[in-house]
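The answers set a value against a definition and then conclude.

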Amino acid sequence: MTPARIRQLSSDDSLLSRLYHRWQGLPAGALVTVPIAQYKDYERFYATMVPEYQRRERYEQSLVGDGDSFTTTGDCHICGNHASFVTNFEYASGEVLHDKRVPNWRERVTCTRCGLCNRLRASVHFLERNLGCRRDSLIYITEQTTPLYQHLHKHYRHVIGSEYFGDRVPYGSNDPVTGLRNESVTKLTFADNSFDYLLSFDVFEHVPDYTTALRESLRVLKPGATLLFTVPFHKGYRETLLRARVRDDGSIEHLHEPEYHGDPVGAGAGCLCFHTFGWDLLDHLRNLGFASAEAQLFWSARHAYLGTEQLLLTARKAR
Ligand SMILES: [Zn+2]
């Protein structure tokens with residue numbers, strides 16, 4: 001069997017695939033991922049995966065119901081057992097496949113018990129089983145109002161969360177109204193080498209100067225520590241798409257159709273998305289000084305990590 005064929009067979013979460021990964025040394029219960037560090041490796045991988053992607057799409061579309069939402073079942077890593085997941089068509093692109101609407105799988109498949117969607121359930125799974133996060137690990141997460149923060153706060157002793165209130169609240173202190181900590185990811189108030197894990201989920205795309213945010217992430221991580229994050233990432237993009245930029249006078253120039261995402265502590269239209277990232281993000285992380293940077297590709301029918309193939313991103317600081 002060719003290495004490409006082995007990779008294809010071991011890219012999902014089937015029993016065969018799990019046995020293969022155990023044999024390769026992946027811890028029990030870990031999220032099965034295909035780690036890919038650069039575009040040319042992804043191109044090679046993609047070429048072997050087309051029939052598998054088609055199989056996954058057919059399976060996923062068979063789950064889609066006719067109503068405004070539908071329920072599927074599977075194992076929730078967070079809740080630790082069989083769970084129900086609700087998917088509706090919020091944030092969907094409008095695409096139709098096999099005569100059914102295609103949901104935004106990444107943002108949906110929400111567990112009815114823990115309230116976490118597909119990509120967040122998988123991120124916690126990866127943190128806890130693949131990265132070996134311990135109860136006493138030092139964790140910083142760039143959110144503080146969410147079910148994900150609540151989960152971490154409940155299960156880990158040293159978790160700091162924050163939201164972004166701009167400079168109306170001093171950085172590093174709590175907003176007097178909400179009690180939430182204010183941090184800017186481009187000017188973190190933490191000392192160098194403070195954390196074992198820095199977690200950030202769909203934040204960096206809203207930061208015009210995300211390079212400074214990545215540099216700050218590297219600074220506050222301990223040697224050997226990991227940045228685990230998600231951003232809108234287009235696997236077909238060799239280079240990051242600049243959607244908008246800030247002019248010298250502070251106004252915003254839109255280079256593409258503006259895209260806004262929900263802001264947990266703001267009001268109005270939401271947060272503008274400045275970037276849709278491509279594979280050069282990983283080169284960029286290594287150039288900034290991270291020892292490694294990878295996209296972890298995954299898909300699992302068992303855990304309902306649906307959507308043909310999802311990814312999360314990891315970057316490790318040198319020891
Ligand atoms: Zn759950």
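A nonpolar core is a set of buried Ala, Val, Leu, Ile, Met, Phe, Trp, Tyr and Cys residues joined through C-beta atoms within 7 Å. A residue is buried if 20 or more other C-beta atoms lie within 10 Å of its own, exposed if 12 or fewer, and partly exposed in between, with C-beta atoms placed from the backbone. The model is predicted: local features need pLDDT of at least 70 and side-chain atom pairs count only at pLDDT 80 or more, while totals for chains, interfaces and linings use all residues. Residues are numbered from 1 along each chain as its sequence is written.

Q: Which residues have the most contacts inside the largest nonpolar core?
A: They are Ile139, Phe195, Tyr197, Leu198 and Leu228, in a core of 66 residues. A contact means that two C-beta atoms, placed from the backbone, lie within 7 Å. Leaving out residues up to four places away in sequence, Phe195 touches Leu138, Ile139, Tyr140, Val220, Leu221, Lys222 and Ala225.

Q: How many residues of domain 1 are in contact with domain 2?
A: Nine residues of domain 1 are in contact with nine residues of domain 2. On the side of domain 1 that touches domain 2, β1 (34-36) and α3 (39-63) each supply at least two residues. The centres of the two domains, taken over C-alpha atoms, are 25 Å apart.

Q: What kinds of residue make up the side of domain 1 that touches domain 2?
A: Eight are nonpolar, one is polar and none is charged. Here Ala, Val, Leu, Ile, Met, Phe, Trp, Tyr, Cys and Pro count as nonpolar, Asp, Glu, Lys and Arg as charged, and the others, Gly among them, as polar.

Q: How many helices and strands does the chain have?
A: There are seven helices and 18 strands. Helices (H or I, at least four residues) and strands (E, at least two) are DSSP runs, numbered from the N terminus.

Q: Why is β10 called largely enclosed?
A: Seven of the ten residues of β10 are buried, so the rest of the structure largely encloses this strand. Strand β18 (residues 305-317) is mostly covered, with eleven of its 13 residues buried.

Q: What makes β10 and β18 a pair?
A: Two strands pair if DSSP finds at least two bridges between them. Strand β10 (residues 221-230) and β18 have four bridges and pair in the antiparallel sense. Leu227 stands opposite Ala315 in β18. With β17 (residues 290-300), β18 pairs in the antiparallel sense over nine bridges, and Leu297 stands opposite Leu311. The pairing of β9 and β10 is parallel, over six bridges.

Q: Why is His98 called exposed?
A: His98 has 11 other C-beta atoms within 10 Å, and therefore is exposed. This residue is found in the loop between β4 (96-97) and β5 (100-101). The phi of His98 is near 50°, a positive value in a residue other than glycine.

Q: Is Asn193 buried or exposed?
A: Asn193 is exposed, because 12 other C-beta atoms lie within 10 Å. Asn193 lies in the loop between β8 (158-161) and β9 (195-201), and its phi is near 55°.

Note on methods. Domain bounds come from an automatic or database domain assignment.
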